[in-house]
Amino acid sequence: ELQAAKKETDDILATVREGLFLTSPEMKIGNQYSKELLNIFATEEPNGKALTELIEGKVSAKVYRDVLNYFELLRRSEIDEEALVDLNPLHEAEFRFNNPGDMRKTLKYLSFEFNRIFTNGNITSIFCSLKDVTDRVVLEKELRIKEAQSKQQVELLMSVLQVDPVM
């Protein structure tokens with residue numbers, strides 16, 4: 001029965017389309033993690049590494065400082081979960097990854113969620129969920145640009161026609 005449960009967990013972690021993993025309160029990645037974590041970070045063995053190691057150098061210096069401060073807040077059990085969600089600097093963060101054999105960097109937008117796990121009032125681990133939201137962010141940016149261009153074209157057309165729009 002224990003072996004069947006382990007197989008189920010392994011199957012879930014192999015097929016889920018999010019980076020799922022546990023960290024210690026010190027943000028060291030545990031031994032169990034989803035295959036997608038490896039794909040997103042292009043890494044082979046994250047277990048035992050500090051999450052800050054995977055992030056450092058891939059985000060701006062300001063975001064990295066904010067992440068370090070946020071991880072300190074995560075360790076404080078008296079801080080409300082909703083406040084932590086609002087303060088999360090990795091909710092939608094820009095990452096730049098090195099390409100092997102190439103000087104250019106790959107831009108990705110990643111979204112992290114953190115949930116603390118408590119045992120007897122103490123934080124024993126932190127569940128992390130990570131998604132690559134690059135496609136959505138890029139499409140949203142393109143849409144905002146198109147909307148601004150359309151608005152500008154309408155304003156130009158109205159000025160050419162010298163008509164006051166009825167609002």
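**Sheet, helices and core**

Student: Helix H6 (residues 134-161) lies across S4 and S5. At about what angle does H6 run to S4?

Tutor: This is a predicted model. In it, H6 lies across S4 and S5. Its direction relative to S4 is about 115°.

Student: And H4, at about what angle to S4?

Tutor: H4 also lies across S4 and S5. H4 runs to S4 at about 15°.

Student: Which strands are the edge strands of the open sheet?

Tutor: The sheet has five strands, in the order S2-S1-S5-S4-S3, with antiparallel pairing. An edge strand here pairs on one side only. That gives S2 and S3.

Student: How many bridges join S1 to S5?

Tutor: S1 covers residues 19-23 and runs antiparallel to S5. Leu20 stands opposite Ser129 in S5. The bridges joining S1 to S5 number five.

Student: Which residue in the turn of the S3 and S4 hairpin has a positive phi?

Tutor: S3 and S4 pair in the antiparallel sense over seven bridges. Asn99 has Asp102 in S4 as its bridge partner. Two residues lie between the strands, and the one with a phi of about 70° is Gly101.

Student: Which element gives the most to the largest nonpolar core?

Tutor: That core holds 29 residues. With five residues, the top contributor is H4.

Student: Beyond four places in sequence, which residues is Phe71 in contact with?

Tutor: Phe71 is among the core residues that touch the most other members. Neighbours within four places are left aside. The contacts are Met27, Leu51, Thr52, Ile55 and Phe114.

Definitions and conventions. Residues numbered from 1 in each chain as written. Predicted model: local features only at pLDDT ≥ 70, side-chain atom pairs only at ≥ 80, totals over all residues. Heavy atoms only, no water. Core = buried A, V, L, I, M, F, W, Y, C linked by side-chain atoms within 4.5 Å. Buried < 20%, exposed > 50% of the residue type's maximum accessible area, 1.4 Å probe, protein only. Helix = DSSP H or I, 4+ residues; strand = E, 2+ residues; numbered from the N terminus. Contact = heavy atoms within 4.5 Å. Pairing = 2+ DSSP bridges. Axes fitted to C-alpha atoms, helices over the stretch in contact; angles between N-to-C directions.
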